[in-house]
Amino acid sequence: MKFLLRILLLTCALCFTEAIISRSARVKDKCILDEIEGSKNEVSVTVSGRICLPWNSIPRRSDYFKNCHHNYCRNPNNKTLPWCFVMRKKRYVKEYCHVAHRAVKPTTMSPPTSEPSKQDTESTCGGRRLNRITKIIGGSRSTVESQPWIAAIFKGDGFICGGTLIAPCWVLTAAHCLPDGKRTSIKRYSVFLGKNAINETDSVKEQKFTVSEFVVHEDYDYTTENYNNDIALLKIVNSNGQCAERTDSVRTACLPPFQQKLPAGFYCEIAGYGRHQKGGFEYSRYLKQAQVHLISQNDCQNKYYSKDEVNENMLCAASGDWEEDACKGDSGGPLVCEVDNTMFLFGIISWGKDCSKKFNPGVYTKVTNYNKWISQHTGLPKYTIGSRYPQKD
């Protein structure tokens, strides 16, 4: 009897040991990235439209990610957004991913049954349907649904500048896009929204407007061309007396709160129809966009430019390899940054030394210095307060 009992105890011990070994093996085979809470998703495309590389294929990190055979975006270091590695110019670089769907806690209230407004409001700005289709200078060709706030400003039949729709009736652009200043004849200007190419017309996606009013910053100096206060407003209206209607190809970008800052290195996007190659004379015709990262004010004023060139009303941004930049024709267009899945307008494309030249980052009008000015001239304090920007607890 004692012999049988010993055999039984030994059998149980062996089974328990096998179970522990089996469980340990399963845990060991798991991808360490998939254990991060709130990071799991099946997105494998970055904000620039590039396809993520498999995690276990990254040199020097293959041991750490050896069980991660997928290329889904993850957030192991608790960044603003999930990210992944992509190949750019034969280098492995990190890029943020556009994770559109996030978990939302259910509410006890029933959703509204009324039809959504045909215009964006201060509480619906900053949304888009991401849709890049192929591979600004060095940037990616984009469909307007990816940058639905982009405005194309024409003088007569000629395209001159970009702009950003910040409210249904208002477009924000650069003051230097209106070289005649207060003497500007607004009858010659028109604004198009939802435009994929400046030399093509799509009656389904596009909305055309005349300019009923314009405001150039009173402290912009046309004589010195130092680009301080390079900001202007255009009030738009269509032939029916209406402003912009919200569609997939026409949306408003949100304004961040007054003097809101983002850290150096934060990735943002620029977009425009400007020149697409260095020294070129032709506009790209098609809407293009590029990813750039913000440069600290100290580096911008001391390392790349001087304090006489770049002041506190400006900010700098550049791509990591200096190959992607705004150029002539992109002026007035947006520098937008994604925060909590919402796009905020932090900069207006203003100036730079040459296009995409190494150690010469693009310079942008710092929009967050002008919330009060925008509110004063548009009468829209609800839009300029930045209510959609996430607040710290």
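L193 touches I150, A151, L165, K205, E206, Q207, F209, I236, A244 and V250, leaving aside residues up to four places away in sequence. Contact here means heavy atoms within 4.5 Å. The structure is a predicted model, in which local features need pLDDT of at least 70, side-chain atom pairs count only at pLDDT 80 or more, and totals for chains, interfaces and linings use all residues. Residues are numbered from 1 along each chain as its sequence is written, and side-chain values use heavy atoms, with hydrogens and water left out.

L193 also belongs to the largest nonpolar core, which has 41 residues; L172, V191, L193 and I374 touch the most other members. A nonpolar core is a set of buried Ala, Val, Leu, Ile, Met, Phe, Trp, Tyr and Cys residues joined through side-chain atoms within 4.5 Å. Buried means under 20% relative accessible area, exposed over 50%, and partly exposed in between, with a 1.4 Å probe and protein chains only. Two or more residues of this core come from each of strands 4, 5, 6, 7, 8 and 9, strand 14 (342-351) and helix 3. Strand 8 gives the most, with 5 residues. Another core, of 19 residues, lies apart from this one and includes C125, C254, A317 and F344.

The protein chain holds 4 helices and 15 strands. Helices (H or I, at least four residues) and strands (E, at least two) are DSSP runs, numbered from the N terminus. Of these strands, 6 close into an antiparallel barrel in the order 4-5-6-9-8-7. From one strand to the next the twist averages 40°. Two strands pair if DSSP finds at least two bridges between them.

| Strands | Bridges | Residues standing opposite |
|---|---|---|
| strand 4 and strand 7 | 5 bridges | K155 and Y189 |
| strand 5 and strand 6 | 3 bridges | L165 and V171 |

A hairpin through 2 residues joins strand 5 to strand 6. Strand 6 is covered on both faces: W170 and L172 are buried on one side, V171 and T173 on the other.

Helix 3 (residues 371-378) lies across strand 5 (158-167), strand 6 (170-173), strand 8 (207-216) and strand 9 (232-237), at about 35° to strand 9. Axes are lines fitted to C-alpha atoms, for helices over the stretch in contact, and angles run from 0 to 180 degrees between N-to-C directions.

Of the 393 residues in the protein chain, 49% count as buried.
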